[in-house]
Amino acid sequence: MRKAWADLSAIEEVRDAARGWKAAGGIDASALSAIEAAYPDPRIRLHGFWRVLIFVLVSAVVNALFFAMQPGSSAIFGASLIFGGLLVGATEALRGSRYSGTGLDAASSFWALTYLLVAAADLLFRQKALPDETAVTAMIAAVAVAGALAAWRWGFWIYMACAIAASFVWAGRFPGARPLWIALSVFGMWLAWRRRDARQLPPDHRRCLAAMFAICAAALYVAVNLYSVDHRVVEAIAADGPGLDSLVTVQQHAAGPFVRLLSGLATAVLPAVFLAWGIRARRTLLLAVGLAAAALSAVTLRYYVHVAPLWVILSACGAILVGAALAVERALRKRPGGEWRGLTAAPLYERERGISPLAALAAHAVGGTHVSTPEEQGRLETGGGEYGGGGATGRY
Amino acid sequence: MSPETVAAIARLRDERILSDAQADAFGRVARGDLLSIRAELRLLLYAGVLLLTSGVGIFLKENHDRIGPAAIAIAVAVAAVACLAYAARRSPPFSWDAAASTHVAADYALLLSMILIGADLAYAETQFRVLGPHWAYHLLLVSLIYFAAAYRFDSRAVLTLALTSFAAWRGVSVAMPFAHSSDATGGSTGAVRLNAIGCGVLFIAAGALLARARRRAHFEPVWIAMGTILLFAGILSGVFEGGGGRWMVWELVLLVLGGVVLAACYRLRRPFEFAIATAALYVGGLRLLAEAIRGVGGLLLVAIWSAAALIFLIAATRRMRRAG
């Protein structure tokens, strides 16, 4: 990453923090103006919806141009390579410009990678440069390398996440994949954790490291989860493995009892380890990983142990989550200064946001019951569906 | 931890932009010595609400024959009232101005109670057919309850539910813009389209009036955004109508109204609605291009049209920023 881009990334970090201080009433408008003058950012900042729209428009331009060229099947390799190369150049230019972060650079980088990978796929699969299974392995490696290079050069964390995920899939192609996953994930977490606050790294690269940590933690969880062991989820990736069918049609208890015991223990303990680590280190990333792992462990438990009907389990889990959140909030609020071991439930320097309208609509769609029309009387549907009125019918 | 922010705080303190007290407070957070887990608590609450509402939904579906509809309806109503009471106890007193939320769970209890009320009313209507052939009016009732709760508890999320329930009462749906009148829904598409446009105009007018009257003026963006989306969705459903030449009329309507909305949003510095209008004009233009030219030439035109929309958006951004 160029120094100028890294500097802009650092400036953005400071300006974001200052806006948080202002939103929380920690500083006034004049102080915010002084900070913004001290840390000038020439780039254009856009609303999220604008960025999405710009991404879509760039995608339309790029793909319409590509398909307008009508590259025959014999020319796909060359056309994709040229398009990918041009888009790499465009991304290089955009990342250093005032349009960086508007969605233009994200779209151009995404399509650059896509077209370069299409070229690689054409070479490997259509032109049969390698035997089929070797070609699959090489293609996965290409995704990992391209993603890692893009993340290193342009600083998009999503490419790092893809690269690390592809690396694990690549490792899964070889014998002994599960121990390899465990070793690689532990090493990856150690590496990312060590450099998590390195001053020499720009914020964009630190976000890439955070993404790497999260994917490694996810891989570790998948490698030790009991369902994954029983269904040979990791082994299914290998060229000579049981195939994706094993994800649903099990040879249950394929592993020995000792391995299953260890796996069951790890499924239960790993979420707690991540949560405890997150509390001790005061890291939201670890807390999020721990919560996600806990949710997956609960689903695993439900898969193996049917203690009650599904609606009871869902309602009970919902009540436990709400109760736990309220208990933690109350406990923190009652501590001196409203904090415990550096954790607080107060919003600090972030603007307090209500529930987003989209989240409310999603919850409504999940839980809503709709009225069946007279023709379908007696049939009850939940979770959204048909409705009608005013001489109209539709779906919500 | 953010090393850049830590260094910046030291510099800003030296330059007397931040006081010592401010620098100390901000520095603790930037160094990672103090961490807020409020977002995580909110996430837990939201997940809890999702799970609870899913559980209730499955319960209603699986048990209504066994337990009996009256008992189920009463049980869900009791749960909804309990959640509402919890939210009421922890919410600030009513005011027409924006009120800061005093409790992290109040919003979620309110959302849960509203979803339960909506589900319960729908369930009761399905089972008892109180409204008979006018059963769709239960959506209006739900919408009115949501409106009342949104204004009492100062909740934009519940206001969104109220607006969507109101639009649903008029038959408006998410899939509408691209539904064809030749579909199974047939001739009703035209009526739904007019309802969507009517709802859009109504919401925009109501939002503007309520803001002018200083009645929850901070709700105005929700009203206007929903109104703009419905308005353009209705018009686009006309543009994407099947055969015949009527779509050209809608194309003209889109062009005129889109231009008016763009000009108004530019003047009023409303980037979100500006982007919605741009997106609607762009999509409407694609229909025109599809009719005009097909094949390779069409693709080139799509590329040029998309590039033009892109340049327009970026130029508008720069001008809006410059104008302040």
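In the predicted model, chain A contains 14 helices and six strands. Of the 396 residues in chain A, buried residues make up 40%, and among the contacts in chain A with a separation of 6 or more, 58% are accounted for by residues 24 or more positions apart.

Within chain A, helix α7, which spans residues 157-171, packs against helix α8, residues 177-194, at an angle of about 150°, the two axes lying 9 Å apart. Because an angle over 145 degrees counts as roughly antiparallel, α7(A) is roughly antiparallel to α8(A). The crossing in which α7(A) passes α8(A) is right-handed. On the α7(A) side the contact is formed by A:I164, A:F168 and A:A171, which meet A:A177, A:L180, A:W181, A:L184 and A:G188 of α8(A). By class, this contact of α7(A) with α8(A) comprises seven nonpolar residues and one polar residue, with no charged residues.

Helix α7 of chain A also packs against helix α9 of chain A, residues 203-224, here at an angle of about 30° and with the axes 8 Å apart. Since angles under 35 degrees count as roughly parallel, α7(A) is roughly parallel to α9(A). The crossing of α7(A) and α9(A) is likewise right-handed. From α7(A), the residues A:W157, A:M160, A:A161, A:I164, A:A165 and A:F168 take part, and from α9(A) their counterparts are A:R207, A:C208, A:A210, A:A211, A:M212, A:I215, A:C216 and A:A219. The contact of α7(A) with α9(A) divides into 13 nonpolar residues, no polar residues and one charged residue.

Elsewhere in chain A, A:V299 is found in helix α12, which covers residues 284-304. With 13 other C-beta atoms within 10 Å, A:V299 is classed as partly exposed, because the exposed class requires 12 or fewer such atoms and the buried class 20 or more. Between A:V299 and A:G103 the sequence separation is 196 residues, and their C-alpha atoms are 37 Å apart in space.

The secondary structure of chain B consists of 12 helices and one strand, and, read from the N terminus, its elements follow the order α-α-β-α-α-α-α-α-α-α-α-α-α. The radius of gyration of chain B is 25 Å, whereas the globule rule gives 20 Å for 324 residues; the value is well over that expectation, so chain B is more spread out than a compact globule. Taken along the principal axes, the C-alpha atoms of chain B fill a box of roughly 70 × 65 × 40 Å. Of the 324 residues of chain B, 48% count as buried, and 59% of its contacts between residues at least 6 apart in sequence join residues at least 24 apart.

The contact between the two chains takes 96 residues from chain B and 87 residues from chain A. On the side of chain B that touches chain A, the largest share comes from helix α3 of chain B, residues 38-67, which supplies 23 residues. By class, the residues on this side of chain B divide into 59 nonpolar, 25 polar and 12 charged.

Technical notes. Residues numbered from 1 in each chain as written. Chains lettered and ligands numbered in written order. Predicted model: local features only at pLDDT ≥ 70, side-chain atom pairs only at ≥ 80, totals over all residues. Axes fitted to C-alpha atoms, helices over the stretch in contact; angles between N-to-C directions. Helix = DSSP H or I, 4+ residues; strand = E, 2+ residues; numbered from the N terminus. Parallel < 35°, antiparallel > 145°, perpendicular 65-115°, else oblique. Left-handed = near helix turned anticlockwise from the far one by under 90°. Contact = placed C-beta atoms within 7 Å. Nonpolar A, V, L, I, M, F, W, Y, C, P; charged D, E, K, R; others polar. Rg over C-alpha atoms; globule rule 2.2 N^0.38 Å.
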